[in-house]
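These are my notebook entries on a structure that I am meeting for the first time.

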Amino acid sequence: MKCLVVIVCYKAVDLTIDCLRSLEPEIPTVPGTKVAVCENGTGPEAVRALEEAIAANGWSDWIELTAIHPNRGFTGGNNAILEPALASENPPDYFLLLNADTIVRPGALKQLIDAADAAPEVGIIGPRLEGEDGEPQVSAFRFHRPLSELIRAADTGPITRVFAGHEVVIGVPNEPMDVEWVSFACALVRRQVFQAVGTFDEGYFLYFDDPDLCRRADAAGWTVRHWPSARVVHLCGQSNPLVERERLKTRRPSYFYVSRTRYFAKYYGRSGLAAANMLWLVGRMVSLLRKVCERKQQRTCKLEWRDIWTNFWSPLRLPNQREVELWR
């Protein structure tokens, strides 16, 4: 098999069907490509609706549906497909990780695979993400570091400029560019990457899973590349309420902070996690001063000053059911 497209569906049946519809004309452009959909614990009605759509559209020869329960998050839902495929007699050369809330532009799949075929050092490659109107979305990044938290919380030009090398967001490159990580809303991963570093760490129920896997790939010697000529629409926030919460600055669900804590502790230790939290607090003081002096709007989410300390004393523990059931 050349490529296995992996889509995780949780309470996103209509979006998943639209995504599959956009893939239909792309599948013949890359012989040996199949699609695996994981229905991630939504329930029997969602499974039935997906089965009916696959049958009604004549997609059964290139789509396989797997249903799991309970919801295992983004990481567990992907692993439910990745692990059996990697253990099979004919594992695919590539896996395309694709969000349910995406629409694949014509030619994007073939462009990503051709680019990866031409560069054997590249382990992970991501397209340009964009809105339905073609407006580009940020999809190329630097790793989160403790100083990144100062920049994020302060959200002010002078601090961002001084510590520019630690800002997570790179921007929207117009040319291919080697980066530290790409968004897994859509990313092509070479089989050998998973064989070398393992599949997703399920300690990340949702969020920070993409920089984690890219960081492990980087440590194993693989290059991560952004490929902007391949374009994929990302209907940002339609399958996940966190985007809207961040826009309104309401409180984020606890699974976000569980993942954040795990990431910083895993790569910087508890002292690095403490440094990230303290630097965030310094940045928050800056943003408060701006709010008072310049009448700026609130720049952080509600109760974040408290929530960043989630799991500080047991930062690598797995998320519990109370935390994960909030993913809706």
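**Entry 1: a salt bridge to begin with.** I looked up Arg251 and Asp307 and found that their side chains meet in a salt bridge, with 2.8 Å from N to O; the term stands for a side-chain nitrogen of Lys or Arg within 4 Å of a carboxyl oxygen of Asp or Glu. This pair links distant parts of the chain, since Arg251 lies in the loop between helix H9 (242-248) and H10, while Asp307 belongs to helix H11 (residues 304-307), 56 residues apart. Arg251 is partly exposed at a relative accessible area of 35%, whereas Asp307 is buried at 6%; buried means under 20% relative accessible area, exposed over 50%, and partly exposed in between, with a 1.4 Å probe and protein chains only. I also noted one network, in which salt bridges that share partners join Glu149, Arg152, Arg252, Arg260 and Glu304.

**Entry 2: what I am reading.** I remind myself that this is a predicted model, in which local features need pLDDT of at least 70 and side-chain atom pairs count only at pLDDT 80 or more, while totals for chains, interfaces and linings use all residues. Residues are numbered from 1 along each chain as its sequence is written, and side-chain values use heavy atoms, with hydrogens and water left out. Helices (H or I, at least four residues) and strands (E, at least two) are DSSP runs, numbered from the N terminus.

**Entry 3: further salt bridges.** How many salt bridges does a search of the whole structure find? I noted 20 of them. One of those I looked up joins Arg145 to Glu180 at 3.0 Å from N to O, and this pair too links distant parts of the chain, with Arg145 in the loop between strand E8 (140-141) and helix H5 (146-154) and Glu180 in the loop between strand E10 (177-179) and strand E11 (181-182), 35 residues apart. Glu180 is partly exposed, at 26%. I then turned to Arg128 and Glu130, whose closest N and O atoms are 2.7 Å apart in a salt bridge; Arg128 counts as buried at 9% relative accessibility, and Glu130 counts as buried at 3%.

**Entry 4: helices against H10.** H5 and H10 pack at an angle of about 30°, with their axes 7 Å apart; axes are lines fitted to C-alpha atoms, for helices over the stretch in contact, and angles run from 0 to 180 degrees between N-to-C directions. H5 and H10 are therefore roughly parallel to each other, a label for angles under 35 degrees. The contact of H5 with H10 divides into 13 nonpolar, three polar and four charged residues. For helix H8 (residues 209-219) and helix H10 (residues 254-294) I noted an angle of about 25° and axes 10 Å apart, which makes H8 roughly parallel to H10. Here Pro211, Asp212, Arg215 and Arg216 in H8 meet Tyr263, Lys266, Tyr267 and Tyr268 in H10.

**Entry 5: helix H1.** Is helix H1 (residues 13-23) mostly covered or uncovered? I found it mostly covered, with eight of its 11 residues buried, among them Val13, Leu15, Cys19 and Leu23. Its buried residues pack against several elements, including strand E1 (3-9), strand E2 (33-40) and helix H2 (44-56), where contact means heavy atoms within 4.5 Å.

Key:
Parallel < 35°, antiparallel > 145°, perpendicular 65-115°, else oblique. Nonpolar A, V, L, I, M, F, W, Y, C, P; charged D, E, K, R; others polar.
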